[in-house]
Amino acid sequence: MSTIGNETPQLRQGEEQPFQPREMNAVEYGRDYVQRLRGGEMGAVPGLIGLVVLVILFAILQSGFLSAYNVENMVIDGAPTIIMAMGLVFVLLLGEIDLSAGTASGLCAVLAAVLLVRHQVNWVVAVFAAGLLGVVIGASIGWLRAKVGIPSFVITLAAFLSFQGVTVIMVGGSGSILVTDHTLVALESASISDYMPIWAGWLMLAIVVLGYAVVKFRTLSKRRAAGLSTEPNSIALIKIAALAALGAVFIYYMGINRIITHTFLTSNQTSEGVPWIVPLMLILLFALTFLLGRTRYGRHVYAVGGNDEAARRAGIRVDMVRISVFVICSFLAALSGLVQLSSQAGVNSAQGGGNTLLLAVGAAVIGGTSLFGGRGRVIDAVIGGVVVEVISYGMSDLISGSNGPGWQQIITGIVLLVAAGFDAVSRRAGLSRQ
Amino acid sequence: MSVDAGPRGASEPILRLRGIQKSFGPVHVLKGVDFEARSGEVTALVGDNGAGKSTLVKCIGGTYAIDEGEYIFDGRPAHVQSPRAASALGIEIVYQDLALCDNLDIVENMFLGREEVVGAARTLDEAKMELMAGQTLASLSVRTVKSVRQKVSSLSGGQRQTVAIAKAVLWNSKLVILDEPTAALGVAQTAQVLDLVRRLADQGLAVVLISHNMNDVLQVSDSIAALYLGQMAAQVRRSEVTHTQIVELITAGRSGDLGLTSSVASAVEGNGAQA
Ligand SMILES: Nc1ncnc2c1ncn2[C@@H]1O[C@H](COP(=O)(O)OP(=O)(O)OP(=O)(O)O)[C@@H](O)[C@H]1O
Ligand SMILES: [Mg+2]
């Protein structure tokens, strides 16, 4: 590429004092935070507020809403949406869209099911094949977008339609394929006893909280050593304590036996513990957050989403970044499809169709990821996905009868619109300060 | 065609261009341009709209490859085929349309594409980058930004220009080219940026300043190069010309005994955009 080679230019040495070396106290930090919110960097705040309001609302209106049984079901049902939304965050960060993520997830799941059932392969092979298909789909979409220059809306609309067709053909006459592989099905705990042991749940929490604390304090001490302004210790401690407390409530809650009515079938069985999907989602959340927030690649994704011309001039390979986000999105769609397969213990010919994709896009946007590109985080997918699931469960309990699903869709639509409104307004707030 | 020797004539210019030719298909934009820039000096590059200033700058910066001509940097012939090659030589360009990402903060923008990493996992070294960005701004006596972690979208036009310039000098650059840095700024902010431009030169960098504003040019430059329809009308010392002479060089390609000879000027005019 370069005739001169890749030697990094030497940095200019400044002899003067570093810029503003000072420690903020908690009050200053709070004021700074509020200022950033008002400057249009609201991030996940509206989503979190909405979540709290909705949970309180449904908990008042519907007595069983916060039962361990209901909460566990929300986690399991929300998992495929959340995982798909994590991938969509990458695509949305570039201001692109992937309408095919839903049917791609269905197609990959169907491939896995066909391999498992009709070809009797090991589950590892089936999962690998589904993931690989996801990567190939993403690379193709990305190539068509970056190198051929077709708008992603059109490419993925075409893919959305054709994947649906391929799925119908692959599933064939019976309309569904049942999957009985134990490992795959245990992921979403389709049978009542496939959960993490209670101790494993607590161990997982300990690892997460400890890991968070170590990363936090190492960053703080490094910044202090360099004489840079830092978050006060008190705030860091509050964050860690909040994480530990919320996590402990969840783990404790999931430790309660969820079988309340005993039939002769379940009389000597218990249903307790954290679903296996939770550690998987935590690993994804951690890995993808690291990728976006702490690596050069992640920084370049934001840069291309903010101003691709500036990114190009800075030497970033914009086309490769563009292709890569579609690969990540379709790969996570494949994972999402496998999780959906697990919860249904099979696939059908409409796998991944319907609302699947729209709910996932809604989740990312409700969580605070901008449709205009350049703004968003992986955690947004989790927050938004939980909001979507809370609405779905809350409404279906609230409105019985055949109108339930209808109202659920209406409310989800309204919430999405409100979230997109926040997005547009906060973007304007940011721009108006120029 | 007169290229000045100047008071610092003893020192070799850091950049010397001879007979640069550049065409876009049938459009002959640069027709044998000579140009020099010296360390510690502000060299103004002036010319009417479409004279070829931006094109010349993009040739220097490696965005466009030159068709013909001599490109000598730091005394050695250089083949600059890409922006990367230019920045490896120590040439940085602040473009007319700023190349900043609104959604990133000042530090992130300054290090874009050249982020510092640390450890086996090659994670971003935020502390180091923040420190160096702060030092660079301080060394340029920039006091107008509140925090280096501010998003660029929240900055004023002058502050953005400052960030773009600081980004260019963060690296050990030898030649910084500014394409109309004051075009969109008010009076106070223009003064700030011009001040900064002067300081860069005083620190020993070679600065090339493109501007349509004669007051700016006269106020800040040491040497003035006037392009006229793709030819270098003249490159003269600031101290040796008047406002009127520069305007004549820009609009007619000649002024008294300066500039293109009348036959050349009219020939250029007559040929217009012909190949
Ligand atoms: N990529 C290109 N293809 C064809 N013609 C071009 C190209 N780039 C520039 N030109 C032509 O070259 C001429 C010089 O353009 P250039 O942008 O260098 O002018 P300039 O001096 O920077 O003008 P301004 O003051 O308006 O910025 C113009 O006539 C322009 O139309
Ligand atoms: Mg120009």
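1. Let's start with a cavity in chain A: the second largest cavity is lined by A:Met196, A:Pro197, A:Ile198, A:Gly201, A:Trp202, A:Ile251, A:Met254, A:Gly255, A:Gly273 and A:Val274. Here a cavity is a set of points, on a 1 Å grid over the protein atoms alone, where a 1.4 Å probe fits but cannot get out, and lining residues have an atom within 4 Å of a point. Please keep in mind that this is a predicted model, where local features need pLDDT of at least 70 and side-chain atom pairs count only at pLDDT 80 or more, while totals for chains, interfaces and linings use all residues; side-chain values use heavy atoms, without hydrogens or water. Residues are numbered from 1 along each chain as its sequence is written, and chains are lettered from A and ligands numbered from 1 in the order in which they are written.

2. How much space lies in the second largest cavity? About 40 Å³, the volume being the space filled by probe spheres set on the grid points, which are joined across faces, edges and corners. By this rule there are two cavities of 30 Å³ or more.

3. Helix H8 (198-225) and helix H9 (233-254) of chain A each give at least two residues to the lining of the second largest cavity, and H8(A) has the largest share, three residues. Helices are DSSP runs of H or I with at least four residues, strands are runs of E with at least two, and both are numbered from the N terminus. The lining divides into seven nonpolar, three polar and no charged residues; Ala, Val, Leu, Ile, Met, Phe, Trp, Tyr, Cys and Pro count as nonpolar, Asp, Glu, Lys and Arg as charged, and the others, Gly among them, as polar.

4. Now to the ligand. Which residues are closest to ligand 1? They are B:Asn49, B:Lys53, B:Ser54, B:Thr55 and B:His212, out of 14 that surround ligand 1, with a heavy atom within 4 Å as the cut-off. The shell around ligand 1 holds four nonpolar, seven polar and three charged residues. Its largest share, three residues, comes from helix H1 (residues 53-60) of chain B.

5. One is 2.9 Å from a polar backbone atom of B:Gly50, one is 3.0 Å from a backbone N or O atom of B:Gly52, and one is 2.8 Å from a side-chain N or O atom of B:His212. Taken alone, ligand 1 exposes 640 Å², and the protein buries 63% of that, by the Shrake-Rupley method with a 1.4 Å probe.

6. Chain B also has an open sheet of four strands in the order E2-E1-E4-E5, with antiparallel pairing; two strands pair if DSSP finds at least two bridges between them. Strand E2 (27-37) and strand E5 (76-77) are the edge strands, each pairing on one side only. Two bridges join strand E4 (residues 68-73) to E5(B), and B:Ile72 has B:Pro77 as its bridge partner in E5(B).

7. B:His28 sits in strand E2 of chain B. The side chain of B:His28 makes a polar contact with the side chain of B:Gln21 (2.8 Å); such a contact is a pair of N or O atoms within 3.5 Å, and within protein one must be able to donate a hydrogen and the other to accept it, with residues adjacent in sequence counting only if both atoms are side-chain atoms. The C-alpha atoms of B:His28 and B:Gly230 are 8.0 Å apart, although 202 residues separate the two along the chain.

Conventions. On a 1 Å grid over the protein atoms alone, a cavity is a set of points where a 1.4 Å probe fits but cannot get out, and a pocket is an open set with protein on both sides within 12 Å along at least five of seven lines; lining residues have an atom within 4 Å of a point.
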